[in-house]
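Hello,

Here is the structure I promised to pass on to you. Have a look at it first, and then read my notes below.

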Amino acid sequence: MERTLHHVFLGVTGASGAAYALRLAQALTGDGLRLSLSLTDAGVLVVAHELELARGSRGEVTRRFVELIGADVAVHEPGDLAAPPSSGSSGPDAVVVCPCSMSSAAHIALGTSRHLVHRAADVALKERRPLVLVPRETPLSSIHLRRLLEASEAGAAIVPAMPAFYHRPATLQEAVDHVVGKVLTTLGLEQALFPPWDGG
Ligand SMILES: Cc1cc2nc3c(=O)[nH]c(=O)nc-3n(C[C@H](O)[C@H](O)[C@H](O)COP(=O)(O)O)c2cc1C
């Protein structure tokens with residue numbers, strides 16, 4: 001379905017896969033979209049570790065993450081429940097939680113918002129706006145699977161961080177790009193991060 005998106009909120013939670021979040025943020029801003037961003041406390045830990053940003057304060061890690069994105073981004077503290085993404089009247093056109101921890105997937109499915117990322121997702125569901133969750137965990141327990149099903153039934157698109165190999169990625173970045181390309185097409189955006197399947 002074609003949609004017109006201008007403003008996307010990206011919630012980065014404490015699941016492995018900071019490279020997905022970085023590439024997605026670069027792709028969205030590169031497409032000229034306005035981006036709002038919030039890293040949870042666990043998200044800050046994982047981003048610092050996986051992107052090899054020196055461990056530092058939340059502010060320092062976030063600043064270095066935004067530098068890597070290389071674009072203007074509105075950053076919100078996860079505890080700031082008064083921030084615009086919390087509101088149905090001033091929120092973004094779409095919300096992506098990437099990567100999405102099982103903890104956050106459960107909170108979103110149950111509607112028990114504990115921080116801004118959960119609340120922005122909750123608002124997207126109630127306002128019938130696109131919500132994409134990019135879960136990363138393995139193996140998945142029945143609890144994880146139930147919560148993801150509930151989120152899907154409530155209207156979220158579940159795009160697991162499961163890169164494909166039919167396009168024969170030669171680098172880790174190309175595998176990352178496959179997942180990010182899938183997020184973009186789920187949002188109704190064009191993607192050029194991986195070639196479409198041409199029948200082999
Ligand atoms: C290095 C590291 C990697 C983690 N990887 C995952 C993961 O892949 N999936 C997951 O669901 N939780 C993972 N966790 C656990 C979450 O960070 C934890 O459940 C946290 O409470 C999530 O909170 P948040 O959703 O508010 O960010 C990881 C934690 C650390 C420190």
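**What I found**

Apart from neighbours within four places in sequence, His167 is in contact (heavy atoms within 4.5 Å) with Glu174, His178, Phe194 and Pro195. Please keep in mind that this is a predicted model, where local features need pLDDT of at least 70, side-chain atom pairs count only at pLDDT 80 or more, and totals for chains, interfaces and linings use all residues. Residues are numbered from 1 along each chain as its sequence is written, and side-chain values use heavy atoms, with hydrogens and water left out.

His167 sits in the loop between strand 6 and helix 7; helices (H or I, at least four residues) and strands (E, at least two) are DSSP runs, numbered from the N terminus. With a relative accessible area of 16%, His167 is buried. For that word I use under 20% relative accessible area, with exposed meaning over 50% and partly exposed in between (1.4 Å probe, protein chains only).

**An aromatic pair**

The count comes to one aromatic pair. Rings of Phe, Tyr and Trp (its six-membered ring) pair if their centres lie within 6.5 Å; planes under 30 degrees apart are stacked, over 60 edge-to-face, and the rest tilted. The ring centres of Tyr166 and Trp197 are 5.7 Å apart and the planes are at 80 degrees, so this pair is edge-to-face. It links distant parts of the chain, 31 residues apart: Tyr166 is in the loop between strand 6 (157-158) and helix 7 (172-186), and Trp197 is in the segment after helix 7. Tyr166 is partly exposed at 38% relative accessible area, while Trp197 is exposed at 56%.

**Helix 1 and its partners**

Helix 1 (residues 18-30) packs with helix 7 at an angle of about 55 degrees, the axes being 9 Å apart. Axes here are lines fitted to C-alpha atoms, for helices over the stretch in contact, and angles run from 0 to 180 degrees between N-to-C directions. That makes helix 1 oblique to helix 7 (under 35 degrees is roughly parallel, over 145 roughly antiparallel, 65 to 115 roughly perpendicular, and the rest oblique). Helix 1 contributes Ala19, Tyr20, Arg23, Leu24, Ala27 and Leu28 to the contact, and helix 7 contributes Gln173, Val176, Asp177, Val179, Val180, Val183 and Leu184.

Arg23, in helix 1, is partly exposed, with a relative accessible area of 24%. Its C-alpha lies 6.9 Å from that of Val180, although Arg23 and Val180 are 157 residues apart in sequence. Beyond its neighbours within four places in sequence, Arg23 is in contact with Gln173, Val176, Asp177, Val180 and Leu193.

Helix 1 also packs with helix 3 (residues 58-69), at an angle of about 50 degrees and with axes 9 Å apart. This pair is oblique too. Ala18, Ala21, Leu22, Ala25, Gln26 and Thr29 of helix 1 meet Phe65, Leu68 and Ile69 of helix 3.

**Helix 4**

Which residues of helix 4 are buried? In helix 4 (residues 102-110), they are Met102, Ser104, Ala105, Ala106 and Ile108. These buried residues pack against strand 4 (94-100), helix 5 (116-126), strand 5 (131-135) and helix 6 (142-154). Gly111 follows helix 4 and has a positive phi, near 75 degrees.

Best wishes
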